[in-house]
Amino acid sequence: MVYPGGNEGIVKKYPVITVSGCPGSGKTTLSKRLADEFGWTRISFDDYEGMTSRAPEELAEWRKAGMPFDQLFVSDCAVDVINASERSGVVFETPLGRLHQQEGIAVAHSIWIACNLDVALSRVLLKEVSAQDWQDIQE
């Protein structure tokens, strides 16, 4: 979108809202509902993050290197968020909230979902553990 008043070529960015919280806090549920309600683009950090799939040795090296922020991603998440914000508002589901500003993402609002850790763990387990796994655990 171009600013009105003849300033051709100046790109207007739409708002970016980050939704953050611990795993199982409801980030996905809230971000989907916000994106649907506003008709905005939804982008999930989980689609880009690559650190949790790495071997323990790689994680140890990353820690020794000072945990560089730019190594958290397997692809260019920031570029996708910035490009999406040129077309519509963006609901960005991420545990890092406003930290993404250092990548050039203009975060308009940041929502943190506070959640009891026992509840969050239960929600993650219910989502990730299959019915067969639960049966095996009970036996």
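A: Glutamate 93 counts as buried because its relative accessibility is 3%, and the cut-off for that class is under 20%. In this predicted model, the side chain of glutamate 93 meets that of arginine 42 in a salt bridge, with 2.6 Å from N to O. The pair links distant parts of the chain: arginine 42 belongs to strand E2 (residues 41–44) and glutamate 93 to strand E3, 51 residues apart.

Leaving aside neighbours within four places in sequence, threonine 94 is in contact with Thr18, Val19, Ser20, Lys27, Phe45 and His100.

The salt bridge of arginine 42 and glutamate 93 belongs to a structure in which a complete search finds three salt bridges. Another one joins lysine 13 to glutamate 86, whose closest N and O atoms are 3.0 Å apart. Lysine 13 lies in the segment before strand E1 (16–21) and glutamate 86 in the loop between H3 and E3, so this pair ties together parts that are 73 residues apart in sequence. Both partners are partly exposed: lysine 13 has a relative accessible area of 41%, and glutamate 86 has one of 27%.

There is also a salt bridge between lysine 64 and glutamate 61, where the closest N and O atoms are 3.7 Å apart. These two residues are three positions apart in helix H2, which means that about one helical turn separates them. Lysine 64 is exposed, at 67% relative accessible area, whereas glutamate 61 is partly exposed, at 49%.

As for the setting of these pairs, the protein contains five helices and four strands, which follow one another along the sequence as β-α-β-α-α-β-β-α-α. Among the contacts in the protein with a separation of 6 or more, 71% come from residues 24 or more positions apart.

Terms used
Residues are numbered from 1 along each chain as its sequence is written. This is a predicted model: local features need pLDDT of at least 70, side-chain atom pairs count only at pLDDT 80 or more; totals for chains, interfaces and linings use all residues. Side-chain values use heavy atoms; hydrogens and water are left out. Contact means heavy atoms within 4.5 Å. A salt bridge is a side-chain nitrogen of Lys or Arg within 4 Å of a carboxyl oxygen of Asp or Glu. Buried means under 20% relative accessible area, exposed over 50%, partly exposed in between (1.4 Å probe, protein chains only).
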